[in-house]
Amino acid sequence: MKLPEPRYSADEGHLSKESKLSLEELIERAQRMNASIAQVVDWLTQLGIPVPDVSRLLRDALARVPRP
C-alpha cells in the first residue's frame, strides 16, 4: 500500500513580509487551521504579514466564472 505524498514539505508554509498570498493559499491555510479566512487574515495582519484585500480577490475570482 502506497501512502499519499505529503502536500507540503517541512519547509513550506513559512511566511515573511515579502510573501504574496493568493486567495487559494488563504483558503488552504484556513482549512488546515480549521479557522475562517477572516481569522487567518487577522492573524497574519497582526504578525505584520501583508494580506491582499479578500473582498477584491473574491470579486476578481467571481468575475472570471463563466455565466450562461
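Me: Which residues of helix 2 are buried?

Reply: In helix 2 of this predicted model, the buried residues are V40, V41 and L44.

Me: What do the buried residues of helix 2 pack against?

Reply: They pack against helix 1 and helix 3. Just after helix 2 comes G48, which takes a positive phi of about 85°.

Me: Now for the segment before helix 1. Why does L21 count as buried?

Reply: Set the value against the cut-off. Buried means under 20% relative accessible area, and L21 is at 10%, so L21 counts as buried. You can find L21 in the segment before helix 1.

Me: What does L21 touch, not counting residues up to four places away in sequence?

Reply: L21 touches L15, L26, R29, L44 and P52. As for P50, L21 is 29 residues from it in sequence, while their C-alpha atoms are 8.3 Å apart in space.

Me: What makes a set of residues a nonpolar core, and which residues are in the largest one?

Reply: The members must be buried, come from a list of residue types that includes Ala, Val, Leu and Ile, and be joined through side-chain atoms within 4.5 Å. The largest nonpolar core here has 10 residues: L21, L23, L26, A30, V40, V41, L44, I49, V54 and L57. Helix 1 (23-33), helix 2 (37-46) and helix 3 (54-63) are the elements that give two or more residues to this core.

Me: Which residues of helix 1 are buried, then?

Reply: In helix 1 these are L23, L26, E28, R29 and A30. Their cover includes helix 2 and helix 3. Take L23 as an example: leaving aside its neighbours within four places in sequence, L23 is in contact with L57, L58 and A61. Just after helix 1, N34 takes a positive phi of about 55°.

Me: Why is the pair R56 and D60 called a salt bridge?

Reply: The name calls for a side-chain nitrogen of Lys or Arg within 4 Å of a carboxyl oxygen of Asp or Glu. For R56 and D60, the closest N and O atoms are 3.0 Å apart. The structure holds 1 salt bridge. Both partners lie in helix 3, 4 residues apart, which is about one turn of the helix.

Me: Are R56 and D60 buried, exposed or in between?

Reply: Partly exposed covers what lies between the two cut-offs, under 20% for buried and over 50% for exposed. R56 is at 38%, so R56 counts as partly exposed. D60, at 32%, counts as partly exposed too.

Me: Finally, what pattern does the chain follow along the sequence?

Reply: The pattern is α-α-α, with 3 helices and 0 strands. Of the 68 residues of the chain, 19% count as buried.

Note on methods:
Residues are numbered from 1 along each chain as its sequence is written. This is a predicted model: local features need pLDDT of at least 70, side-chain atom pairs count only at pLDDT 80 or more; totals for chains, interfaces and linings use all residues. Side-chain values use heavy atoms; hydrogens and water are left out. Buried means under 20% relative accessible area, exposed over 50%, partly exposed in between (1.4 Å probe, protein chains only). Contact means heavy atoms within 4.5 Å.
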